[in-house]
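Please open the structure in a viewer and keep the selection tool at hand.

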Amino acid sequence: MDNNRQPASYGGPDAYQPDLYPDDPLDIWEKEGPADDHQPQWRATKSRVDEWMDVDFQFGGSRIKRKTIALIQLGAAAMVPLFFMLPSVVTLNSNTISVSGDDTLGTGAEMCLFLCLLVTPMVTLTGMRWFVPLRKWYGIMVAACAICDALGAGFTDTFAGGFLGRLAGHVFELMGFMMVMLLIPLLIISNTWAQRKLGRYWKRLQRLTYAIWALLALHLILLEGFGLERGANGSGFAGDGDPIFHQRLYQYSAASLFLLTLRLPPVRRWIVARRREGRNWLVWVTIAPTFALFMFAMIFIVNEEIFKGIDSFRETPSAE
Amino acid sequence: MSETYARDGQLQAAAGIVILMVTGLVAAVLVIAGLIYATGISGRHKAALAAAACEPNLSPSGLQCTDVGMLTAQYLAIVNPAMQQVNTDAATYTANERHDLGAAEAALTAEVASEHGLGARLAAFPFPPVMVPVANSLEQAIQARATLLAEQARSSSLTQLRSFSQRVKVANLAVQTEMKLLRQAVGTRPTASQEP
């Protein structure tokens with residue numbers, strides 16, 4: 001089987017490296033044998049969009065690839081949570097960091113995690129790979145936001161027990177602390193040198209991302225509960241009138257349904273097969289409701305991030 | 001071997017479409033329910049605001065739930081420390097106005113800075129539209145007093161310095177009157193006719 005598969009005809013930092021990317025759509029060929037409609041050479045050609053993105057253009061005095069510009073623009077969004085916190089960090093405003101820093105950075109980390117987890121399904125759906133480097137970038141920003149969130153909570157929260165007590169003194173905090181503890185090694189090995197040194201183990205270690213994804217569910221269950229008994233979940237004002245949309249566990253579940261479904265090998269297999277048959281429309285029609293639900297959830301996660309973030313940026317924090 | 005692969009592949013493909021159909025169905029129901037729920041946002045918003053004693057006309061952005069207590073607390077958080085500083089500067093001035101020109105002028109300069117700080121913070125305060133005219137009057141009174149104090153601080157003798165006293169008293173009275181009016185406006189719920 002492997003002998004039949006042709007190496008990708010293009011190079012570059014984001015070239016297909018099956019041992020390095022966890023959860024790659026092509027892994028199923030290696031592990032489980034080909035599907036009935038297996039065509040081993042389909043990966044040898046790049047999609048039209050990938051080719052278009054690889055084209056250089058003149059930018060100032062140098063040449064730059066189109067995808068570089070696109071990646072910078074898409075990647076910049078992940079910096080927003082840290083940017084929102086900048087004024088309160090510069091002015092050492094412990095009140096703002098304590099009251100709305102956890103929401104700004106916590107929601108920011110969640111947003112970046114979902115964007116990171118979105119890359120693989122989008123590769124499965126579109127066959128494009130030009131945006132694959134964003135997975136690493138969003139992953140780094142998940143770690144950055146989560147670590148800053150933990151540090152902010154450890155230094156400024158009002159819980160008893162000193163720094164460690166504020167970090168892990170409550171069960172929901174313990175879940176967050178465990179996520180940070182898993183993110184730190186992932187952040188450390190997120191470079192090419194570590195990829196080379198760790199070889200196939202690198203990919204296995206990267207699967208800790210799924211543990212973080214699961215811990216986030218526990219964190220939110222403990223933080224928000226399953227219901228609406230608090231009546232004002234989410235964006236921090238009781239008069240909102242939309243507790244369901246702002247319930248973070250519901251947002252998480254709605255977003256995760258899409259991300260999880262498109263990771264299931266039978267689903268990926270079916271999508272890849274339909275794509276190769278040229279029936280992309282069927283794929284999109286089938287996944288449309290799940291994708292719509294994902295977008296619905298992401299809109300409210302981003303909404304939460306913007307409102308809490310602006311409060312943090314203006315240093316006028318609003319508690320929940 | 002290839003038959004096994006083929007059979008497995010067919011099973012996998014069947015499982016894939018079944019999973020997608022089931023999740024798609026669940027997602028479609030949730031999205032439709034969400035859209036139906038979203039149509040009632042406005043009504044629920046108003047009901048929730050009323051239940052939480054929030055006043056839509058106290059919420060400049062129309063998004064934050066602001067009630068009278070919150071607005072009063074925010075306003076006092078700005079005004080109280082500023083007035084404390086102004087009073088301290090005024091006491092320093094009074095202690096020096098008869099024998100130390102330099103110290104008295106320094107106290108006046110500090111008072112001017114405190115007044116400007118208060119004026120700037122009030123200008124940035126999100127007063128509801130109904131209170132904006134009163135707030136503007138207070139800012140103007142504070143500005144006029146600060147201008148007068150700055151002029152007084154440029155006096156070349158203690159006699160000239162004290163000659164401003166009457167004008168400063170009048171300016172103080174204007175600020176106090178406007179401040180009282182604004183405090184009443186902030187601390188009182190608007191009447192039905194003031195609702196937007």
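How far is the sulfur of A:Cys148 from the closest cysteine sulfur? The model is predicted, and in it the closest cysteine sulfur to that of A:Cys148 belongs to A:Cys145, at 6.9 Å, which is too far for a bond. A disulfide requires the two sulfur atoms to be within 2.5 Å. A:Cys148 itself is partly exposed, its relative accessible area being 33%.

Select A:Cys112 next. The closest cysteine sulfur to its own is again in A:Cys145, 4.8 Å away and too far for a bond. A:Cys112 is buried, with a relative accessible area of 0%. Over all chains, the count of disulfides is zero.

**Helix α5 of chain A**

Select residues 94-126 of chain A, which form helix α5. From first C-alpha to last, the 33 residues of this helix reach 45 Å, close to the expected 48 Å. Centre the view on A:Ser100, where α5(A) has a kink of about 55°. The helix is mostly covered, since 27 of its 33 residues are buried.

**Helix α15 of chain A**

Move to residues 280-313 of chain A, helix α15. Its 34 residues would reach 50 Å in a straight helix at 1.5 Å a residue, but the end C-alpha atoms are only 43 Å apart. Where is the kink in α15(A)? Select A:Ala288: a kink of about 55° lies there, shortly before the proline A:Pro289. After the helix comes A:Glu315, with a positive phi near 60°.

**A salt bridge in chain A**

Side chains of opposite charge can pair when their charged atoms come close. Select A:Glu304 and A:Arg248, which form a salt bridge whose closest N and O atoms are 2.8 Å apart. A:Glu304 belongs to helix α15 and A:Arg248 to helix α13 (residues 248-261), so the pair ties together parts that are 56 residues apart in sequence. Are these two residues buried or exposed? A:Glu304 is buried at 0% relative accessible area, and A:Arg248 is buried at 4%.

Now select A:Phe83, A:Leu86, A:Val90 and A:Phe313, which make a nonpolar surface patch of about 400 Å². Helix α4 (residues 80-90) of chain A supplies the largest share, three residues, whereas A:Phe313 is found in helix α15. Both A:Phe83, at 46% relative accessible area, and A:Phe313, at 35%, are partly exposed. A:Phe83 and A:Phe313 are 230 residues apart in sequence, yet their C-alpha atoms are 7.9 Å apart in space.

**Chain B**

Turn to chain B, which has seven helices and zero strands. Of its 196 residues, 35% count as buried.

Select B:Glu111 and B:Arg145; they form a salt bridge with the closest N and O atoms 2.9 Å apart. B:Glu111 lies in helix α4 (residues 101-124) and B:Arg145 in helix α5 (residues 132-153) of chain B, so the pair ties together parts that are 34 residues apart in sequence. Both B:Glu111 and B:Arg145 are buried.

B:Arg167 counts as partly exposed at 46% relative accessibility, as does B:Glu151 at 34%.

Terms used. Residues are numbered from 1 along each chain as its sequence is written. Chains are lettered from A and ligands numbered from 1 in the order in which they are written. This is a predicted model: local features need pLDDT of at least 70, side-chain atom pairs count only at pLDDT 80 or more; totals for chains, interfaces and linings use all residues. Side-chain values use heavy atoms; hydrogens and water are left out. Patches are made of residues with over 30% relative accessible area and no salt bridge: like charges are joined within 9 Å, nonpolar side chains (Val, Leu, Ile, Met, Phe, Trp, Tyr) within 5 Å. Accessible areas come from the Shrake-Rupley method with a 1.4 Å probe; for residues, only the protein chains shown count as cover. A salt bridge is a side-chain nitrogen of Lys or Arg within 4 Å of a carboxyl oxygen of Asp or Glu. Helices (H or I, at least four residues) and strands (E, at least two) are DSSP runs, numbered from the N terminus. Buried means under 20% relative accessible area, exposed over 50%, partly exposed in between (1.4 Å probe, protein chains only). The expected span of a helix is 1.5 Å times one less than its number of residues. The bend at a residue is the angle between axes fitted to the seven residues ending there and the seven starting there.
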